[in-house]
Amino acid sequence: MSSTDRSVDHALAYPEPPASPLWHRHGAKARPLTPEQQRRNRELLDIAQRTTRPRSPRPTETLAEAS
């Protein structure tokens, strides 16, 4: 028997909670970026994707050996 064959008593189901007022944006929408800001963001993204982040050096001693 699949789940679609079962009859559901909707009267016993819990009511859906109301949507949070924080989910709705009231007020002015964000300003679109200027072409200069878009170009700068593309440059920064390109730099971030090309460069590798340096890894922090790992200690050669274990914690047990250090004490």
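Me: What makes Glu36 partly exposed?
Reply: Buried means under 20% relative accessible area, exposed over 50%, and partly exposed in between (1.4 Å probe, protein chains only). Glu36 has a relative accessible area of 48%, so Glu36 is partly exposed. This is a predicted model, in which local features need pLDDT of at least 70 and side-chain atom pairs count only at pLDDT 80 or more, while totals for chains, interfaces and linings use all residues. Residues are numbered from 1 along each chain as its sequence is written, and side-chain values use heavy atoms, with hydrogens and water left out.

Me: Why is the contact of Arg39 and Glu36 called a salt bridge?
Reply: A salt bridge requires a side-chain nitrogen of Lys or Arg within 4 Å of a carboxyl oxygen of Asp or Glu. The N to O value for Arg39 and Glu36 is 2.5 Å, so the pair meets the definition. The two residues are 3 residues apart in helix α1 (residues 35–50), about one helical turn; helices are DSSP runs (H or I, at least four residues), numbered from the N terminus.

Me: Why is Arg50 called exposed?
Reply: Arg50 has 64% relative accessibility, so Arg50 counts as exposed. Asp46, at 31%, counts as partly exposed.
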